[in-house]
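Here is a short briefing on a protein model.

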Amino acid sequence: VARLVGVFAASHMPPMVNAPDAAGPQVRAEAFAAYASLGERLRACAAEALVLVGPDHFQNFFVDNLPGILVGVGESHEGPAEPWMKGAPERFVGHPALGAHLLDSLYGAGFEPAFSLHLRLDHGYALPLRFGGIGEAPPIVPVVINAVQPPFPRVARCYALGAAIADAVRTFPGGERVAVLASDGLSHSIGEPDMGRIDTEFDAGFLRHMGESEPQALLNFAERNIHAAGNGAQEMRNWVVAHGAAGGTGFEKLYYRAVPEWFTGLCLATWNLEERTNS
Amino acid sequence: LVKVLYQVLDYWLNRVFFDLQAPAAQAAYRADRAAFLARYPLADGARAALLADDFVALAQRGCNPYLIRLYALILKVPDAQFIAALRAAAGSR
(Lines give C-alpha, C1' and ligand atoms only; values in the text may rest on other atoms or scores of the structure.)
Protein backbone atom coordinates (compact mmCIF):
# COMPACT_ATOMS: atom_id res chain seq x y z
CA VAL A 1 0.00 0.00 0.00
CA ALA A 2 0.97 3.63 -0.36
CA ARG A 3 2.78 5.55 2.36
CA LEU A 4 2.24 9.03 3.72
CA VAL A 5 5.75 10.46 3.55
CA GLY A 6 5.26 14.13 4.24
CA VAL A 7 2.74 16.71 5.41
CA PHE A 8 3.32 20.39 4.76
CA ALA A 9 1.51 23.71 4.89
CA ALA A 10 2.22 27.03 3.23
CA SER A 11 0.62 30.43 2.85
CA HIS A 12 -0.19 31.75 -0.61
CA MET A 13 -0.20 35.45 -1.42
CA PRO A 14 -0.79 37.11 -4.79
CA PRO A 15 1.32 40.17 -3.80
CA MET A 16 4.39 37.93 -3.79
CA VAL A 17 3.82 37.82 -7.55
CA ASN A 18 2.13 41.07 -8.46
CA ALA A 19 3.54 43.44 -5.82
CA PRO A 20 6.52 41.80 -4.10
CA ASP A 21 8.28 45.14 -3.63
CA ALA A 22 5.51 46.34 -1.34
CA ALA A 23 7.52 44.53 1.33
CA GLY A 24 11.10 45.55 2.15
CA PRO A 25 14.17 43.67 0.93
CA GLN A 26 14.75 41.84 4.21
CA VAL A 27 11.18 40.58 4.39
CA ARG A 28 11.34 39.49 0.77
CA ALA A 29 14.64 37.69 1.23
CA GLU A 30 13.41 35.90 4.35
CA ALA A 31 10.08 34.93 2.87
CA PHE A 32 11.43 33.60 -0.40
CA ALA A 33 14.19 31.71 1.44
CA ALA A 34 11.61 30.15 3.74
CA TYR A 35 9.58 28.93 0.76
CA ALA A 36 12.70 27.53 -0.86
CA SER A 37 13.45 25.64 2.35
CA LEU A 38 9.94 24.19 2.41
CA GLY A 39 10.34 23.17 -1.21
CA GLU A 40 13.59 21.37 -0.40
CA ARG A 41 11.84 19.39 2.32
CA LEU A 42 9.02 18.53 -0.03
CA ARG A 43 11.44 17.36 -2.70
CA ALA A 44 13.45 15.42 -0.11
CA CYS A 45 10.48 13.22 0.76
CA ALA A 46 10.40 12.12 -2.91
CA ALA A 47 6.63 12.07 -3.11
CA GLU A 48 5.17 10.36 -6.16
CA ALA A 49 1.76 11.89 -5.56
CA LEU A 50 0.66 15.08 -3.83
CA VAL A 51 -2.69 15.67 -2.15
CA LEU A 52 -2.96 19.45 -2.39
CA VAL A 53 -5.55 20.93 -0.04
CA GLY A 54 -6.55 24.41 -1.10
CA PRO A 55 -9.35 26.86 -1.74
CA ASP A 56 -11.11 27.89 -4.91
CA HIS A 57 -11.13 31.66 -5.36
CA PHE A 58 -14.19 31.56 -7.64
CA GLN A 59 -12.14 30.08 -10.49
CA ASN A 60 -14.27 26.95 -10.73
CA PHE A 61 -17.31 27.48 -8.58
CA PHE A 62 -19.85 30.25 -8.11
CA VAL A 63 -22.81 30.64 -5.79
CA ASP A 64 -25.02 28.72 -8.20
CA ASN A 65 -23.09 25.54 -7.37
CA LEU A 66 -20.54 25.74 -4.59
CA PRO A 67 -19.23 22.53 -3.02
CA GLY A 68 -18.11 22.55 0.60
CA ILE A 69 -15.54 19.83 -0.08
CA LEU A 70 -14.42 18.55 -3.49
CA VAL A 71 -11.88 16.03 -4.74
CA GLY A 72 -10.21 16.56 -8.12
CA VAL A 73 -10.03 13.15 -9.78
CA GLY A 74 -8.97 14.20 -13.28
CA GLU A 75 -5.97 13.11 -15.33
CA SER A 76 -4.88 16.71 -15.47
CA HIS A 77 -5.85 20.08 -14.05
CA GLU A 78 -5.65 23.46 -15.73
CA GLY A 79 -3.19 26.00 -14.38
CA PRO A 80 -4.19 29.41 -13.03
CA ALA A 81 -6.05 31.80 -15.29
CA GLU A 82 -5.63 34.82 -13.05
CA PRO A 83 -3.99 37.57 -15.09
CA TRP A 84 -1.33 38.21 -12.42
CA MET A 85 -0.25 34.57 -12.56
CA LYS A 86 1.64 34.88 -15.83
CA GLY A 87 4.31 32.23 -16.16
CA ALA A 88 2.40 29.66 -14.11
CA PRO A 89 2.10 26.13 -15.54
CA GLU A 90 -0.71 25.76 -18.05
CA ARG A 91 -1.57 22.40 -16.60
CA PHE A 92 -0.79 20.10 -13.71
CA VAL A 93 -0.69 16.34 -13.99
CA GLY A 94 -3.40 14.64 -11.95
CA HIS A 95 -3.50 11.25 -10.29
CA PRO A 96 -6.88 9.78 -11.24
CA ALA A 97 -6.30 6.41 -9.54
CA LEU A 98 -5.42 7.94 -6.18
CA GLY A 99 -8.17 10.52 -6.68
CA ALA A 100 -10.79 7.83 -7.27
CA HIS A 101 -9.56 5.82 -4.28
CA LEU A 102 -9.57 8.91 -2.08
CA LEU A 103 -13.07 9.87 -3.20
CA ASP A 104 -14.49 6.41 -2.59
CA SER A 105 -12.66 6.06 0.73
CA LEU A 106 -14.09 9.36 1.93
CA TYR A 107 -17.62 8.15 1.15
CA GLY A 108 -16.83 5.10 3.24
CA ALA A 109 -15.64 7.34 6.05
CA GLY A 110 -18.84 9.37 6.24
CA PHE A 111 -17.93 12.25 3.91
CA GLU A 112 -19.74 12.99 0.68
CA PRO A 113 -17.42 15.36 -1.20
CA ALA A 114 -18.25 16.57 -4.67
CA PHE A 115 -15.80 15.55 -7.38
CA SER A 116 -14.45 17.07 -10.55
CA LEU A 117 -12.79 15.57 -13.60
CA HIS A 118 -11.59 18.97 -14.74
CA LEU A 119 -10.47 21.68 -12.35
CA ARG A 120 -8.63 24.92 -12.79
CA LEU A 121 -6.08 25.22 -9.99
CA ASP A 122 -5.60 28.85 -9.06
CA HIS A 123 -2.81 30.71 -7.30
CA GLY A 124 -3.67 28.93 -4.07
CA TYR A 125 -2.23 25.77 -5.62
CA ALA A 126 0.39 27.20 -7.93
CA LEU A 127 2.14 29.67 -5.62
CA PRO A 128 3.47 27.31 -2.94
CA LEU A 129 4.82 25.05 -5.69
CA ARG A 130 6.40 27.96 -7.55
CA PHE A 131 8.02 29.55 -4.51
CA GLY A 132 9.05 26.13 -3.27
CA GLY A 133 10.98 25.70 -6.48
CA ILE A 134 8.93 22.65 -7.42
CA GLY A 135 9.39 22.89 -11.17
CA GLU A 136 7.58 19.71 -12.04
CA ALA A 137 5.17 18.77 -9.27
CA PRO A 138 4.31 15.14 -8.65
CA PRO A 139 0.84 14.14 -9.89
CA ILE A 140 -1.70 16.12 -7.89
CA VAL A 141 -5.01 15.18 -6.28
CA PRO A 142 -6.54 18.53 -5.34
CA VAL A 143 -8.90 18.68 -2.39
CA VAL A 144 -10.88 21.91 -2.46
CA ILE A 145 -12.29 23.23 0.81
CA ASN A 146 -14.74 26.11 0.47
CA ALA A 147 -13.28 29.13 2.24
CA VAL A 148 -14.81 31.94 0.18
CA GLN A 149 -18.52 31.85 0.93
CA PRO A 150 -20.24 30.88 4.19
CA PRO A 151 -21.26 28.40 5.39
CA PHE A 152 -17.93 26.61 5.70
CA PRO A 153 -17.14 23.04 6.71
CA ARG A 154 -16.74 23.00 10.49
CA VAL A 155 -13.18 22.92 11.76
CA ALA A 156 -13.72 19.59 13.52
CA ARG A 157 -14.91 18.05 10.24
CA CYS A 158 -11.80 19.33 8.51
CA TYR A 159 -9.68 17.58 11.11
CA ALA A 160 -11.62 14.34 10.62
CA LEU A 161 -11.32 14.78 6.85
CA GLY A 162 -7.56 14.96 7.18
CA ALA A 163 -7.50 11.72 9.16
CA ALA A 164 -9.72 10.10 6.53
CA ILE A 165 -7.37 11.29 3.76
CA ALA A 166 -4.40 9.71 5.58
CA ASP A 167 -6.37 6.46 6.02
CA ALA A 168 -7.20 6.49 2.31
CA VAL A 169 -3.53 6.92 1.41
CA ARG A 170 -2.61 3.94 3.58
CA THR A 171 -5.15 1.72 1.85
CA PHE A 172 -4.22 2.74 -1.70
CA PRO A 173 -2.88 -0.32 -3.49
CA GLY A 174 0.70 0.00 -4.65
CA GLY A 175 3.69 1.38 -2.88
CA GLU A 176 3.54 5.02 -3.80
CA ARG A 177 4.98 7.75 -1.65
CA VAL A 178 2.27 10.36 -1.02
CA ALA A 179 2.61 13.82 0.52
CA VAL A 180 -0.03 16.27 1.68
CA LEU A 181 0.37 20.01 1.18
CA ALA A 182 -2.13 22.47 2.62
CA SER A 183 -2.24 25.98 1.17
CA ASP A 184 -3.63 29.13 2.75
CA GLY A 185 -3.43 32.10 5.20
CA LEU A 186 -2.77 32.53 8.11
CA SER A 187 -4.77 35.57 9.26
CA HIS A 188 -5.70 37.90 6.43
CA SER A 189 -8.60 39.87 5.10
CA ILE A 190 -9.53 40.21 1.44
CA GLY A 191 -12.11 42.63 0.03
CA GLU A 192 -13.28 43.62 3.48
CA PRO A 193 -12.84 46.93 5.31
CA ASP A 194 -10.04 45.54 7.48
CA MET A 195 -7.98 44.43 4.48
CA GLY A 196 -4.33 44.74 5.56
CA ARG A 197 -5.10 43.88 9.18
CA ILE A 198 -3.38 40.76 10.47
CA ASP A 199 -4.63 39.20 13.66
CA THR A 200 -1.26 38.24 15.09
CA GLU A 201 -2.91 37.13 18.32
CA PHE A 202 -4.98 34.59 16.41
CA ASP A 203 -1.98 33.42 14.45
CA ALA A 204 0.09 32.97 17.60
CA GLY A 205 -2.72 31.11 19.35
CA PHE A 206 -3.41 28.91 16.34
CA LEU A 207 0.25 27.99 15.93
CA ARG A 208 0.64 27.35 19.66
CA HIS A 209 -2.33 24.98 19.62
CA MET A 210 -1.02 23.25 16.51
CA GLY A 211 2.22 22.57 18.36
CA GLU A 212 0.60 21.25 21.52
CA SER A 213 -0.77 18.03 20.03
CA GLU A 214 -4.11 18.43 21.78
CA PRO A 215 -6.44 18.43 18.81
CA GLN A 216 -9.64 19.17 20.71
CA ALA A 217 -8.18 22.36 22.19
CA LEU A 218 -7.03 23.41 18.72
CA LEU A 219 -10.44 22.72 17.18
CA ASN A 220 -12.23 24.65 19.93
CA PHE A 221 -9.83 27.58 19.57
CA ALA A 222 -10.13 27.68 15.78
CA GLU A 223 -13.91 27.32 15.63
CA ARG A 224 -14.27 30.10 18.19
CA ASN A 225 -11.76 32.58 16.78
CA ILE A 226 -11.42 31.97 13.05
CA HIS A 227 -14.21 34.36 12.09
CA ALA A 228 -12.51 37.35 13.73
CA ALA A 229 -9.11 36.76 12.11
CA GLY A 230 -10.14 38.15 8.70
CA ASN A 231 -12.22 36.42 6.05
CA GLY A 232 -9.08 34.94 4.50
CA ALA A 233 -8.37 33.09 7.74
CA GLN A 234 -11.26 30.77 6.87
CA GLU A 235 -8.64 28.98 4.77
CA MET A 236 -6.98 27.83 8.01
CA ARG A 237 -9.31 24.87 7.70
CA ASN A 238 -6.81 23.51 5.19
CA TRP A 239 -4.09 23.51 7.84
CA VAL A 240 -6.46 21.64 10.11
CA VAL A 241 -6.96 19.06 7.35
CA ALA A 242 -3.19 18.64 7.18
CA HIS A 243 -3.01 18.39 10.97
CA GLY A 244 -5.61 15.62 10.88
CA ALA A 245 -3.67 13.83 8.14
CA ALA A 246 -0.59 13.93 10.37
CA GLY A 247 -2.51 12.45 13.29
CA GLY A 248 -2.66 15.71 15.23
CA THR A 249 0.97 15.64 16.26
CA GLY A 250 4.45 16.53 15.08
CA PHE A 251 3.69 20.08 13.94
CA GLU A 252 6.79 22.16 13.31
CA LYS A 253 6.55 25.82 12.39
CA LEU A 254 9.29 26.63 9.91
CA TYR A 255 8.63 30.34 9.50
CA TYR A 256 6.11 32.96 10.52
CA ARG A 257 5.93 36.64 9.88
CA ALA A 258 3.01 39.01 9.69
CA VAL A 259 3.44 40.83 6.38
CA PRO A 260 0.76 43.53 6.18
CA GLU A 261 2.37 44.81 2.98
CA TRP A 262 1.28 41.49 1.44
CA PHE A 263 -1.95 41.52 3.47
CA THR A 264 -1.18 38.20 5.16
CA GLY A 265 0.30 36.34 8.08
CA LEU A 266 2.88 34.31 6.22
CA CYS A 267 3.60 30.88 7.64
CA LEU A 268 5.25 27.70 6.47
CA ALA A 269 5.16 24.45 8.39
CA THR A 270 5.79 20.75 8.27
CA TRP A 271 4.78 17.79 10.38
CA ASN A 272 7.26 15.26 11.70
CA LEU A 273 5.55 11.99 10.96
CA GLU A 274 6.10 9.13 13.35
CA GLU A 275 6.87 5.77 11.90
CA ARG A 276 3.72 4.31 13.42
CA THR A 277 1.64 6.46 11.09
CA ASN A 278 2.98 4.39 8.22
CA SER A 279 2.77 0.97 9.82
CA LEU B 1 -17.17 42.61 10.63
CA VAL B 2 -19.80 41.96 8.05
CA LYS B 3 -19.86 38.34 6.93
CA VAL B 4 -21.82 38.16 3.72
CA LEU B 5 -24.17 35.23 3.94
CA TYR B 6 -25.70 33.90 0.79
CA GLN B 7 -29.11 35.17 1.88
CA VAL B 8 -28.00 38.76 1.34
CA LEU B 9 -25.83 38.25 -1.74
CA ASP B 10 -26.86 40.27 -4.79
CA TYR B 11 -26.75 37.33 -7.19
CA TRP B 12 -26.57 39.21 -10.48
CA LEU B 13 -24.05 41.78 -9.28
CA ASN B 14 -21.77 38.98 -8.12
CA ARG B 15 -22.46 37.14 -11.36
CA VAL B 16 -21.09 40.17 -13.26
CA PHE B 17 -17.90 40.04 -11.18
CA PHE B 18 -17.58 36.30 -11.71
CA ASP B 19 -18.16 36.45 -15.47
CA LEU B 20 -15.70 39.32 -15.88
CA GLN B 21 -12.83 36.97 -15.10
CA ALA B 22 -12.96 35.84 -18.74
CA PRO B 23 -10.70 37.99 -20.94
CA ALA B 24 -13.36 38.19 -23.66
CA ALA B 25 -15.87 39.50 -21.14
CA GLN B 26 -13.35 42.08 -19.93
CA ALA B 27 -12.85 43.28 -23.50
CA ALA B 28 -16.59 43.57 -24.06
CA TYR B 29 -16.98 45.40 -20.76
CA ARG B 30 -14.26 47.88 -21.63
CA ALA B 31 -15.71 48.45 -25.08
CA ASP B 32 -19.28 49.15 -23.94
CA ARG B 33 -20.04 48.76 -20.28
CA ALA B 34 -23.75 49.59 -20.55
CA ALA B 35 -24.28 47.08 -23.36
CA PHE B 36 -22.47 44.38 -21.41
CA LEU B 37 -24.53 45.06 -18.31
CA ALA B 38 -27.76 45.00 -20.33
CA ARG B 39 -27.34 41.19 -20.42
CA TYR B 40 -27.97 41.05 -16.67
CA PRO B 41 -31.22 41.70 -14.76
CA LEU B 42 -29.39 43.97 -12.33
CA ALA B 43 -31.07 46.07 -9.69
CA ASP B 44 -31.00 49.73 -10.72
CA GLY B 45 -28.69 50.63 -7.84
CA ALA B 46 -26.19 47.95 -8.77
CA ARG B 47 -26.20 48.94 -12.45
CA ALA B 48 -25.71 52.62 -11.60
CA ALA B 49 -22.87 51.83 -9.20
CA LEU B 50 -21.10 49.75 -11.85
CA LEU B 51 -21.53 52.41 -14.53
CA ALA B 52 -20.25 55.13 -12.18
CA ASP B 53 -17.31 53.11 -10.77
CA ASP B 54 -18.85 53.79 -7.38
CA PHE B 55 -17.01 51.30 -5.17
CA VAL B 56 -18.53 52.69 -2.01
CA ALA B 57 -22.01 51.97 -3.34
CA LEU B 58 -20.91 48.54 -4.63
CA ALA B 59 -19.42 47.64 -1.26
CA GLN B 60 -22.67 48.61 0.43
CA ARG B 61 -24.49 45.97 -1.58
CA GLY B 62 -24.35 42.23 -1.02
CA CYS B 63 -20.96 41.55 -2.56
CA ASN B 64 -18.85 38.55 -1.81
CA PRO B 65 -15.57 40.16 -0.68
CA TYR B 66 -13.42 37.98 -2.96
CA LEU B 67 -15.53 38.84 -5.98
CA ILE B 68 -15.48 42.60 -5.42
CA ARG B 69 -11.73 42.24 -4.91
CA LEU B 70 -11.45 40.45 -8.25
CA TYR B 71 -13.48 43.24 -9.86
CA ALA B 72 -11.16 45.89 -8.40
CA LEU B 73 -8.14 44.00 -9.73
CA ILE B 74 -9.72 43.73 -13.19
CA LEU B 75 -10.35 47.50 -13.18
CA LYS B 76 -6.83 48.08 -11.79
CA VAL B 77 -8.15 50.14 -8.90
CA PRO B 78 -5.20 50.96 -6.60
CA ASP B 79 -5.32 48.98 -3.36
CA ALA B 80 -5.38 52.09 -1.15
CA GLN B 81 -8.36 53.48 -3.06
CA PHE B 82 -10.18 50.14 -2.95
CA ILE B 83 -9.65 49.71 0.79
CA ALA B 84 -10.74 53.31 1.43
CA ALA B 85 -14.00 52.62 -0.41
CA LEU B 86 -14.60 49.46 1.61
CA ARG B 87 -14.06 51.40 4.82
CA ALA B 88 -16.30 54.26 3.73
CA ALA B 89 -19.05 51.77 2.89
CA ALA B 90 -18.66 50.01 6.24
CA GLY B 91 -18.66 53.33 8.07
CA SER B 92 -21.95 54.39 6.50
CA ARG B 93 -23.75 51.17 7.46
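The area buried between chain B and chain A is about 2,300 Å², with 65% of it from carbon and sulfur atoms. Buried area here is the accessible area (1.4 Å probe) that two parts lose on being put together, summed over both. This is a predicted model: local features need pLDDT of at least 70, side-chain atom pairs count only at pLDDT 80 or more, and totals for chains, interfaces and linings use all residues. Residues are numbered from 1 along each chain as its sequence is written, chains are lettered from A and ligands numbered from 1 in the order in which they are written, and side-chain values use heavy atoms, leaving out hydrogens and water.

**Between the chains**
- In chain B, 26 residues are in contact (heavy atoms within 4.5 Å) with 26 residues of chain A.
- One salt bridge is counted between chain B and chain A (a side-chain nitrogen of Lys or Arg within 4 Å of a carboxyl oxygen of Asp or Glu).
- Asp64(A) and Arg15(B) form a salt bridge through their side chains, at 2.8 Å, N to O.

**Strand E7 of chain A**
- Strand E2 (residues 49-54) of chain A runs parallel to E7(A), joined by five bridges.
- Val53(A) stands opposite Val143(A).
- Strand E3 (residues 69-72) of chain A runs antiparallel to E7(A), joined by three bridges.
- Leu70(A) stands opposite Val144(A).

Notes:
Pairing = 2+ DSSP bridges. Helix = DSSP H or I, 4+ residues; strand = E, 2+ residues; numbered from the N terminus.
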